[in-house]
Amino acid sequence: MSLKLKTGLIAFALFAMLGVWLAIHTSHRARLTQREANPTQTQDATRIGLPVSPRPPTTTESHAAKEMTRRDADFWSQLAHPITLRHRTLLPARNGSQNLDVIPHVWLAQFGGPLSEQNRADLRKIFRITTLFPSADMCFYVRATAADLVSASNAATPSLLGWIRLEAADKIVSSDDTSNRLRIELFSTGERRRVAERTASLGGRVLQTGSNWLEVERNKAYDLALTLAELDDVYMIEPGRSKLVVHNAEAEANSSATPLFSAPYNLTGSGITVMVRDEGRIFAHPDFGSRLQFGPDVANLQPIQHATHVAGTIGGSGGSIPGAGARGFAPGCSIVSYDLNGDELAEPIQAFQSFGAVISNHSYGFLTGWDNASGTFTDNQSTFGLYGSFARNWDLLARNQGLIIVKSAGNARDGNGVGHPHNGTLAADGDFYNTIDQSGTSKNILVVGAASDAAIAGTSTASKQVLAFSSSGPVADGRLRPEIIANGDTLLSCDNTAVTGNTYVSLSGTSMAAAAVCGTTVLFMQDYKRIFGASSSCAPHYLRAVYAQTATDMGRPGPDFLHGFGMLDALAAITLLNTDGGTGSRIVSSTISSSNPERFFLLSSDGSSPIKGTLCWSDDAGDALAKKTLVNDLDMRLIKADDQSQTLPFILNPAAPDQPATQGVNSVDTIEQTLLAAPAAGSYIFAIRGTTLISSTPFAFASSHTLTELQPPTPVIIPSSTSGPPPLVVNFDGSSSSAAQGESIVQFQWMFGDGATAQGASATHTYSPGIYLAILKVTDNKGASASTTVKISVANMPPVAAISASPSAGSSPLSVLLSTDGSFDPDGNIANYAVDFGDGTTGNGPNPTHTYNAPGLYMPKVTVTDNGGASSSKSTIVFIGDAFVPATARFSLNFALQPRDTFSISTRALPIAPNVDPTGLEGTVTFGQASFNFILDSKGRYTSPVLKVKLNPLHAQMTITIVNANLINGLAASNATNISVKNLPISIPFAVTFANNLSFGSPGLRFNYTAKKDARGTGTLLKQ
């Protein structure tokens, strides 16, 4: 930032001082960059005050190397790209303005690659940028000043592509204004007290609070939401949660679970504890014996039939009446009872820590739309399929804690109360879709629909097999729901009594289907521990991948919004687990990261059986404000090695939910499946890549064939030069690239960074001025590929702009020569001069003359552009009016607290007629680039909380005082910023302009400026 100084000597001295400071500051940041920082816990978990268990091992990222060979534009765009929110699309940008707000705000920042824990620590320590949690489109919410973001955009790794602040309306999840209750979620840096006080001041009432949320109530709550959303504390606002209700609905045989109880499996669920979170307390039925435990929140609650029936389906022994057929899926497991109305985050954590529960069953959901059971209608159908705080919290549990959450889909598909609309969306097939309530929209949980008795695992059928009430997808962002179905048709299980004749009861619903899947999962976990060790636990994505891979397809071919991937086949799932046997040859469990963004798995087909693969991962918690909740997008494809032909995964069209699945790129789900029904014999590769990756992501991949991981080739670029003047001709040599042992490179693809491409082991390209990332992607004979980059800098030093005004002050009309003679281009020539005269008019060409007709303070600016397209700007000051000769003047800046700045100035020699009537006289005070308006009273006075003006025409006196204002931005052009300087002469433009065309001021008052970085700065008038 240039100084407005009167002498070249002072300017030179100041720039020398700034150069020393910048050198020290840069050196300090460089030293910080070399420090190792301890990995931090994820902000998502710490913001809710919960412990974080270790994630699965990931590839260690070298802080020094930053792994730039793989964090490249071939995988993740290095240009800012649109961010799609629920209500609009934004484009982040790098704001390089000199007038940067120094107050920290919350921004949506977009990065050019994944952020490791080390990257996040560096952003915090070096650039003072706190990362909060991820969003979609390679974005993170961060808290920082605009100046810190500008600084990081020039030096951070991975690159900071741009940033943007959200508007209040962006933070409101649903625009439905019928509810008078709101749930307000805060950022981890937000203050709940401030939001509560603001709510009260607007006539709202706080109903309840949590560590990072409030529920409030007020008529016309949408208006309240818009006002509260303006606070930086607030992350999102959604409708207040509706009432939680249970999902009521010969499952073992239908799900092929019966063989698992006998040799060679002999599974009972022994050693596994499952949490049953349900309505009220589970009855101490004899079928549970000592295996039933109680959480602290059910001690004073009554036993409820639904909870008891669900628990019996999961783990009842069936021994009360032998032969009745009421045995649960895992009769040897332990069960812990919790009520559904507790904290959806804290209770599962407590159940894990206190009871060792690694699986939880949730056969309930929010009352949405028509409820057949109670005969009531809740006008909140707009919340069907929405991803909100509830779903987000469960994604946190699954991702950070590894908790397996089994959830019923709900029973809302056939709601049809008299006088009320059906639930969901009516499709062309006459069925209703989009009936999943907000409790079932998490990405990392297993959502279960209810199948009829006609659905038998192992027997595929094209007919519809779900019960009429079983809720259907898609959810709002188009994701598949449910993922699996299981029998939920008249299941016999424990009743709320042990009295003979009432020992067992038959119920139907997705509640029962979820319990059947949960019981199967207990058996799966028991066998998993037998294979991998007693201390191991199956990850949620591992289980979901295996279940989807082995499910029996029902309904339309491939996945659909009624049946998901099909009918749970417990025997097939356990068989696949045992076939793999912990070798990773049929079920791969690994991580996609910046150091390993693409993985390749080879298989051989004899051409006689279909090739099928299922990919699943646990994603970071989604952003409730984004249109798409997917944060880390992994994609898969099946490649035939000899001709490189590809088979893509199933995709569904949420706009036509009744249509069969097709094949394409799935960019919405955390689970994908590829099927090649009639493969030709030969070698194939399953390729998995991180298409969009903001953090390292654990995944599981289940396959119909034995897999062998291929090592990708190693690309090498040798450029003839990496920098030079334009036009720069660069010869690229990729012949040193190598393939894995026994393989060969068959394809070289060049992307030069300016849109041009080429193929071959070598290539030549001519560059115009700019900075480019040239990419070489090499592919071997099996279809494995890898890429690397090199930066090409084509020298084009920016031009230097200069402008001066002659004369710089005078009475109107004033003709001013704006000389641009000092402008030059160090390595070319200036092609264009664009001049903004500061009074609303513009011009072109060097050395323009302009006439200023109205009194006031103007800042004409010239922008010069060279023949390479680079540009720079420079401003000067022109004052039109009479000279203001101050007797005293001083200002004070506060860099730590804003707005706390002050300015005062007075004169006893104002050139004004003594008989001027000040009554109603309007005017503007301009100090630097900060302006303040006033209207004088009959005594020539004006008083506001910020500005005081006193005018006494009779004695030619005027005093102006500004307090509690933000003057830092206004003084930026004079370099009165938070750097450490002492007794530095600076020049600041000042003017007071009246509506009657009186104007007093100076193009530059001289001040003696002293400042201490991050504390205070003061300026005292230097009298002429």
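Reader: In which strand is Thr674 found?
Author: This is a predicted model, and the answer applies to it as such. Within it, Thr674 belongs to the run of residues 671-676, and that run is strand 33.

Reader: Is Thr674 buried or exposed?
Author: A residue is called buried when its relative accessible area is under 20%. The relative accessible area of Thr674 is 0%, and therefore Thr674 is buried.

Reader: Which residues does Thr674 touch, not counting residues up to four places away in sequence?
Author: Contact here means heavy atoms within 4.5 Å. With residues up to four places away left out, Thr674 touches Ile611, Lys612, Gly613, Met636, Leu638, Thr647, Leu648, Pro649 and Phe686.

Reader: What is the relative accessible area of Ala450?
Author: Ala450 has its place in strand 22, which covers residues 446-451. It counts as buried because its relative accessible area is 0%.

Reader: How far apart in space are Ala450 and Asn411, C-alpha to C-alpha?
Author: In sequence, Ala450 and Asn411 are 39 residues apart. In space, the C-alpha to C-alpha distance between Ala450 and Asn411 is 8.8 Å.

Reader: How many residues of helix 12 are buried?
Author: Helix 12 spans residues 540-550 and is mostly covered. Its buried residues include Pro540, Tyr542, Arg544 and Gln549. The count of buried residues in helix 12 is eleven of eleven.

Reader: How many of the residues of helix 8 are buried?
Author: Helix 8, residues 305-315, is also described as mostly covered. Among its buried residues are His306, His309, Val310 and Ile314. For helix 8 the count is ten of eleven.

Reader: What percentage of the residues in the protein chain is buried?
Author: The secondary structure of the chain comes to 13 helices and 65 strands. The chain has 1024 residues, and the buried share of them is 56%.

Reader: How many salt bridges does the structure hold?
Author: Side chains of opposite charge can pair when their charged atoms come close. A pair is counted when a side-chain nitrogen of Lys or Arg is within 4 Å of a carboxyl oxygen of Asp or Glu. The number of salt bridges in the structure is 27.

Reader: Where is Arg128, which meets Asp148 in a salt bridge?
Author: The side chains of Asp148 and Arg128 meet at 2.8 Å, N to O. The pair links distant parts of the chain, 20 residues apart: Asp148 is in helix 4 (residues 146-153), and Arg128 is in the loop between helix 3 (117-127) and strand 4 (130-134).

Reader: Why does Arg128 count as partly exposed?
Author: Buried means under 20% relative accessible area and exposed means over 50%, with partly exposed in between. Asp148 is buried, at 5%. Arg128 counts as partly exposed because its relative accessibility is 46%.

Reader: Which residue is joined to Pro474 by a cis peptide bond?
Author: Pro474 lies in the loop between strand 22 and strand 23 (484-487). The bond has an omega of about 0°, and the residue joined to Pro474 is Gly473.

Reader: What is the phi of Asn997?
Author: Asn997 lies in the loop between strand 63 (981-994) and strand 64 (999-1011). Asn997 is exposed because its relative accessible area is 55%. Its phi is positive in a residue other than glycine, with a value near 75°.

Reader: Which residues gather in a patch of positive charge on the surface?
Author: One member, Lys939, has its place in the loop between strand 59 (930-935) and strand 60 (941-943). Lys939 counts as exposed because its relative accessibility is 61%. The residues of the patch are Lys939, Arg941, Lys948 and Lys950.

Definitions and conventions. Residues numbered from 1 in each chain as written. Predicted model: local features only at pLDDT ≥ 70, side-chain atom pairs only at ≥ 80, totals over all residues. Heavy atoms only, no water. Patch = residues over 30% accessible without salt bridge, like charges linked within 9 Å, V, L, I, M, F, W, Y side chains within 5 Å. Areas by Shrake-Rupley, 256 points an atom, 1.4 Å probe, with all protein chains shown as cover. Lys, Arg positive; Asp, Glu negative; His and termini not counted. Charge placed at Lys NZ, Arg CZ, Asp CG, Glu CD. Helix = DSSP H or I, 4+ residues; strand = E, 2+ residues; numbered from the N terminus. Buried < 20%, exposed > 50% of the residue type's maximum accessible area, 1.4 Å probe, protein only.
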